[in-house]
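Dear colleague,

Please find the structure below, handed over for your study.

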Amino acid sequence: MDISMHMETINLVKPLNGRYKQSDKEMVVKMLHEYKKQKNCSYKYAYDKMVEGNPSYSTYSAWRRKLANIKAT
């Protein structure tokens with residue numbers, strides 16, 4: 001994986017209807033998971049370093065749990 005993609009923070013713009021696209025959710029979860037593995041840190045630390053603005057950490061946590069449940073089934 002190209003390390004340079006971890007250098008810029010993620011900054012999603014919420015559409016007018018207030019929902020993120022599924023692909024955006026998956027991309028954020030994947031990027032933060034990769035950063036967490038690379039830096040051997042917590043999800044909270046990775047989130048603080050990688051995401052600027054939206055989504056909130058609680059929203060990100062919900063996305064991560066939902067995607068984990070989908071993959072488990």
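Which residues line the largest cavity? The lining consists of Gln22, Lys25, Trp63, Lys66, Leu67 and Ile70. Here a cavity is a set of points, on a 1 Å grid over the protein atoms alone, where a 1.4 Å probe fits but cannot get out, and lining residues have an atom within 4 Å of a point.

Please note that this is a predicted model, in which local features need pLDDT of at least 70 and side-chain atom pairs count only at pLDDT 80 or more, while totals for chains, interfaces and linings use all residues. Residues are numbered from 1 along each chain as its sequence is written, and side-chain values use heavy atoms, with hydrogens and water left out.

The volume of the largest cavity is about 40 Å³, volume being the space filled by probe spheres set on the points, which are joined across faces, edges and corners. Helix H3 (57-72) and H1 each give two or more residues to this lining, and H3 gives the most, with four. Helices are DSSP runs (H or I, at least four residues), numbered from the N terminus.

Two salt bridges were found in the whole structure; the term denotes a side-chain nitrogen of Lys or Arg within 4 Å of a carboxyl oxygen of Asp or Glu. Lys37 pairs with Glu34, with their closest N and O atoms 4.0 Å apart. Both lie in helix H1 (residues 22-39), three residues apart. Lys44 and Asp48 form a salt bridge at 3.4 Å, N to O, and are four residues apart in helix H2 (residues 43-50).

Yours sincerely

Key
1 Å grid on protein atoms, 1.4 Å probe; cavity = no way out; pocket = protein on both sides within 12 Å on 5 of 7 lines; lining within 4 Å.
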